[in-house]
Amino acid sequence: MAKKRPQTKAKRPQLTDEEIPVVGAREPCPCGSGRRYKACHGRAAAHAATELVQRPFEGLPGECDWVALRELVPAATAELTLKDGLPEGVPSVTLATVLPMAWPALRRDDGSVLLGLQNDTPSGDLSRDLADTLLRALEAEPGTPVQGRRAPVGGPRLQDVLDTEAPFEPVVHEGFEFWVPDAKNATPEVTASLERANAAAIPTVRLQSVEAAYWCRTPEKNHLRWVMAHPEEQLLDALARLHAAGRSHLGENTRLVGSFRAHGLTVPVWDLPSEIGAQDVEKPAAEFAERLAEALAVRAPLTADERRARGGLTNRQVTLS
């Protein structure tokens with residue numbers, strides 16, 4: 001009888017964590033461990049995909065305005081500058097608060113790209129999801145929308161894709177006509193979406209005297225929502241000092257009513273009488289910015305009145321994201 005040849009096992013190529021592809025949860029892990037993917041590298045991938053990044057826009061120019069456009073502003077756009085320049089056939093890339101049909105992104109017929117900001121994202125890193133959508137939009141066929149998906153773990157973020165030295169200059173619009181170059185020839189679906197969006201849009205104006213402050217009109221009263229990048233605890237202390245001293249207002253019959261917490265930043269909110277427009281609050285906002293800078297520089301412990309004021313502000317804080 002012929003002798004049996006000794007069986008040898010071929011060595012599997014060693015893969016780094018970044019090279020291991022995503023497979024089904026119950027399939028064998030591609031790393032060769034013999035365990036199911038969900039019990040091996042899938043566990044780390046799932047954790048990385050769902051771990052919340054508290055400040056997804058940190059490091060981008062205009063971080064406060066990114067937060068405002070994501071959470072507070074109905075209709076706005078901003079031109080984006082790519083780190084490596086525009087690809088051939090892409091004349092421009094524009095960030096938009098919302099796109100028709102809630103598309104994550106749209107490659108227009110002329111090749112330009114619109115990136116939607118106010119969409120639900122499947123992972124805990126909004127910046128990574130948006131970067132993934134943007135990169136896929138740059139390669140999409142002209143005239144097609146881009147659907148959302150979970151971005152690959154370890155994929156690029158906006159901070160890797162955008163030129164962080166370029167200015168970020170939002171333009172607030174009264175409605176969503178910027179969606180289509182020729183609204184008369186839009187599809188019925190887009191036209192209906194445009195009409196619904198315009199009907200729901202709250203009139204909003206970005207102040208010029210200070211950064212990332214947005215006036216808006218509601219049926220009962222007007223508001224000023226001001227996104228600030230100061231550390232939250234330090235900012236609340238400063239607001240409490242001003243509130244206790246009666247200096248937290250923006251003029252007669254205005255009052256600081258609380259704040260939002262959004263994407264790691266704090267957004268103080270003022271109630272304004274309905275007759276106060278955006279232009280009327282420009283000077284008071286600039287004067288308040290000076291008072292706030294002085295209060296932020298104080299390091300003494302809060303007084304009893306200031307602690308009570310801080311407690312009131314904290315109780316009226318609402319987390320948006």
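How are H6 and H7 oriented to each other, roughly perpendicular or roughly parallel? The tour answers this at its second stop.

**Before starting.** This is a predicted model, in which local features need pLDDT of at least 70 and side-chain atom pairs count only at pLDDT 80 or more, whereas totals for chains, interfaces and linings use all residues. Residues are numbered from 1 along each chain as its sequence is written, and side-chain values use heavy atoms, with hydrogens and water left out. Helices (H or I, at least four residues) and strands (E, at least two) are DSSP runs, numbered from the N terminus.

**Stop 1: the open sheet.** Select the six strands that form an open sheet of mixed pairing, in the order E5-E3-E4-E2-E1-E6. Its edge strands, E5 (144-146) and E6 (171-172), each pair on one side only; two strands count as paired if DSSP finds at least two bridges between them. Strand E1 (residues 76-79) runs antiparallel to E6, joined by two bridges, and alanine 76 stands opposite valine 172 in E6. E1 is also antiparallel to E2, through three bridges; here glutamate 79 has threonine 94 of E2 as its bridge partner. Continue to E3 (residues 105-107) and E4 (residues 113-116), an antiparallel pair with three bridges, in which arginine 107 is partnered by valine 113 of E4. Axes are lines fitted to C-alpha atoms, for helices over the stretch in contact, and angles run from 0 to 180 degrees between N-to-C directions.

**Stop 2: H6 and H7.** Select helix H6 (232-244) together with helix H7 (residues 282-296). Their axes are 9 Å apart and the packing angle is about 115°, so H6 and H7 are roughly perpendicular to each other (the class covers 65 to 115 degrees; under 35 is roughly parallel, over 145 roughly antiparallel and the rest oblique). Residues in contact (heavy atoms within 4.5 Å) are Gln234, Leu235, Ala238, Leu239, Arg241 and Leu242 of H6 and Phe288, Arg291, Leu292, Ala295 and Leu296 of H7.

**Stop 3: histidine 249.** Move to the loop between H6 and strand E10 (255-262), where histidine 249 lies. Its relative accessibility is 34%, so histidine 249 counts as partly exposed (buried is under 20% relative accessible area, exposed over 50%, partly exposed in between, with a 1.4 Å probe and protein chains only). Beyond residues up to four places away in sequence, histidine 249 touches Thr254, Trp270, Phe288 and Arg291. The C-alpha atoms of histidine 249 and tryptophan 270 are separated by 7.8 Å, although these residues are 21 apart along the chain. Display also glycine 251, whose backbone nitrogen is reached by the side chain of histidine 249 at 3.1 Å.

**Stop 4: glutamate 306.** Select helix H8 (residues 304-315), which contains glutamate 306. This glutamate is buried, with a relative accessible area of 14%. A polar atom of the glutamate 306 side chain lies 2.8 Å from the backbone nitrogen of threonine 303. Leaving aside neighbours within four places in sequence, glutamate 306 is in contact with Ala240, Arg241, Ala244 and Pro301.

**Stop 5: helix H2.** Finish at H2 (residues 63-71), which is largely enclosed by the rest of the structure because eight of its nine residues are buried. The buried residues are Glu63, Cys64, Asp65, Trp66, Val67, Ala68, Leu69 and Arg70.

Technical notes
Polar contact = N/O pair within 3.5 Å; in protein donor to acceptor, adjacent residues only side chain to side chain.
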